[in-house]
Amino acid sequence: MKGTILRQFSYSLLFLAFSICPSTSDIFPGKKHFVRVVNDLEAKRLDVHCYSADDVIDRTLSTKGEQLEFEFRSVVNTYWNCSMNSVVGHVGIEAYISEDPLIDECGGVHCIWNAREDGIYLYRIKHSDYVKKYDWIPKPLRVRSIKRNVRP
Ligand SMILES: *[C@@H]1O[C@H](CO)[C@@H](O)[C@H](O)[C@H]1NC(C)=O
């Protein structure tokens with residue numbers, strides 16, 4: 001009898017601990033993962049805006065070779081989406097999704113994205129190669145009003 005009460009008491013404590021903690025990820029932190037975005041555009045600036053459920057990262061990669069890398073702990077339903085903007089166009093990518101085949105394609109704890117003239121490529125670590133995943137959505141052509149030389 002005493003043992004049962006004691007057990008019930010410790011279950012209540014455990015329950016209390018779980019309900020007080022803001023999220024289970026604090027108790028069981030997920031594995032560290034990384035997203036990297038590389039500007040591989042020839043002499044073009046790349047604006048990157050990445051967001052998850054709780055974070056936003058904005059960065060301008062002004063030259064070729066410049067990169068952005070951030071780390072996070074991946075738990076259930078962790079995702080990172082990034083929107084890319086350059087003179088070539090714009091595109092939104094799913095840079096990281098937990099429990100998704102994408103992670104296997106990334107091939108490790110890094111998902112590495114390269115922005116090139118013809119689209120956005122994923123570096124497959126296990127294959128040491130790049131696969132194109134997204135095309136740029138071209139910017140609409142600006143229709144410039146033509147100024148006529150009006151003679152006085
Ligand atoms: C992430 O981006 C994809 C593709 O643009 C979109 O379908 C999806 O809804 C986005 N997810 C979130 C959580 O914003």
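1. In this predicted model, C50 and C82 are joined by a disulfide, with 2.1 Å between their sulfur atoms. The link of C50 and C82 is right-handed, with 105° about the S-S bond. It connects distant parts of the chain: C50 belongs to strand β2 (residues 46–51), C82 belongs to strand β5, and the two are 32 residues apart. A disulfide is a covalent bond between the sulfur atoms of two cysteines.

2. With a cut-off of 2.5 Å between cysteine sulfur atoms, the count comes to two disulfides.

3. Turning to the ligand, the residues around it are Y51, Y79, N81 and E94. By class, this shell consists of two nonpolar residues, one polar residue and one charged residue.

4. An N or O atom in the side chain of N81 is 2.2 Å from an oxygen atom of the ligand. As for cover, the ligand taken alone exposes 360 Å², of which the protein buries 44%.

5. Which residues line the largest pocket? The lining is made up of S52, A53, D54, D55, E71, F72, R73, V75, N77, T78, Y79 and W80. The space in this pocket is about 230 Å³. Y79 is part of the lining and is also one of the residues around the ligand.

6. With regard to secondary structure, β4 (67–74) and β5 (79–85) are the elements that each give two or more residues to the lining of the largest pocket. The largest share, three residues, comes from β4.

7. The lining of the largest pocket divides into five nonpolar, three polar and four charged residues, while the shell around the ligand has two nonpolar, one polar and one charged.

Notes
Residues are numbered from 1 along each chain as its sequence is written. This is a predicted model: local features need pLDDT of at least 70, side-chain atom pairs count only at pLDDT 80 or more; totals for chains, interfaces and linings use all residues. Side-chain values use heavy atoms; hydrogens and water are left out. A residue is near a molecule or strand if one of its heavy atoms lies within 4 Å of it. A polar contact is a pair of N or O atoms within 3.5 Å; within protein, one must be able to donate a hydrogen and the other to accept it, and residues adjacent in sequence count only if both atoms are side-chain atoms. Accessible areas come from the Shrake-Rupley method with a 1.4 Å probe; for residues, only the protein chains shown count as cover. Ala, Val, Leu, Ile, Met, Phe, Trp, Tyr, Cys and Pro count as nonpolar, Asp, Glu, Lys and Arg as charged, and the others, Gly among them, as polar. On a 1 Å grid over the protein atoms alone, a cavity is a set of points where a 1.4 Å probe fits but cannot get out, and a pocket is an open set with protein on both sides within 12 Å along at least five of seven lines; lining residues have an atom within 4 Å of a point. Grid points are joined across faces, edges and corners, and a volume is the space filled by probe spheres set on the points. Helices (H or I, at least four residues) and strands (E, at least two) are DSSP runs, numbered from the N terminus.
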